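This note sets out a few points to read alongside the sequence and the structure. Please follow each point on the displayed model.

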Amino acid sequence: MSTSMLAHRVRPAAVALAAVAALTSCGDLHAPGTTPGASSRPSGTSSPSASGASPYVEPGAGDGAPHHNENNAYRRAGEMAPAHAADAEREAARIRPVLKRLWEQRKWNPETVRTALLRLGYEEERVAQDGKRLGGTLTVTGLPSHWEGDGPVTPEGSRVALRVHDDACVTAFLQQSNFAVSTNGPYPETGCFQPPYGH
């Protein structure tokens, strides 16, 4: 092969490689006299990897954050046995019309909600100082506070937890804008109620 033919074939490849190099470094600012990817730290100093996120991402991690599932395991409800899930659905069907009536009457404070649900025959759950359950199945509290503007705000309303079985709960809430009733397994650290973020 002649030198002119070889040069004729190499020239387009060199132009293509130069274009790729220019495109991949587009937008990067580099100090004069440095090459893309070179560290701006003086030699001899060590630093943690500048690559950012870990290359490991758990399967099924929502936003792709490393260890997302592991870090949020405390916010995942446990599994319910099928028969216990059916029992929880039955109890939810008993609770739903009571909460709907209270919501329509604009009565969502914890005392009123608790009184109405105790009339269904539930017993208020009792817990010892060490967290051991002493009996009863119903818990009604105010809604948890959240941060808004300069400080915490506690909205008007109630949240409800009914422990149907050790592995099955009915949870609900009432507030001015809406109400909802659902079933779920218990959470590892907080029982029937889903724990807040920021663990």
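1. A hairpin joins β7 to β8 through four residues. These two strands pair in the antiparallel sense over six bridges, and F173 stands opposite A180 in β8. Strands are DSSP runs of E of at least two residues, and helices are runs of H or I of at least four, numbered from the N terminus; two strands pair if DSSP finds at least two bridges between them.

2. The model is predicted: local features need pLDDT of at least 70 and side-chain atom pairs count only at pLDDT 80 or more, while totals for chains, interfaces and linings use all residues. Residues are numbered from 1 along each chain as its sequence is written, and side-chain values use heavy atoms, with hydrogens and water left out.

3. A search of the whole structure finds one disulfide (a pair of cysteine sulfur atoms within 2.5 Å). It is formed by C169 and C192, whose sulfur atoms are 2.1 Å apart. C169 lies in strand β7 (residues 168-174) and C192 in the segment after β8 (179-184), so the pair ties together parts that are 23 residues apart in sequence. The torsion about the S-S bond of C169 and C192 is about -70°, so the disulfide is left-handed.

4. Helix α3 (residues 82-104) and helix α4 (residues 110-118) pack at an angle of about 145°, their axes being 10 Å apart. Axes are lines fitted to C-alpha atoms, for helices over the stretch in contact, and angles run from 0 to 180 degrees between N-to-C directions.

5. In contact (heavy atoms within 4.5 Å), I95, V98, L99 and L102 of α3 meet T112, V113, A116 and L117 of α4.
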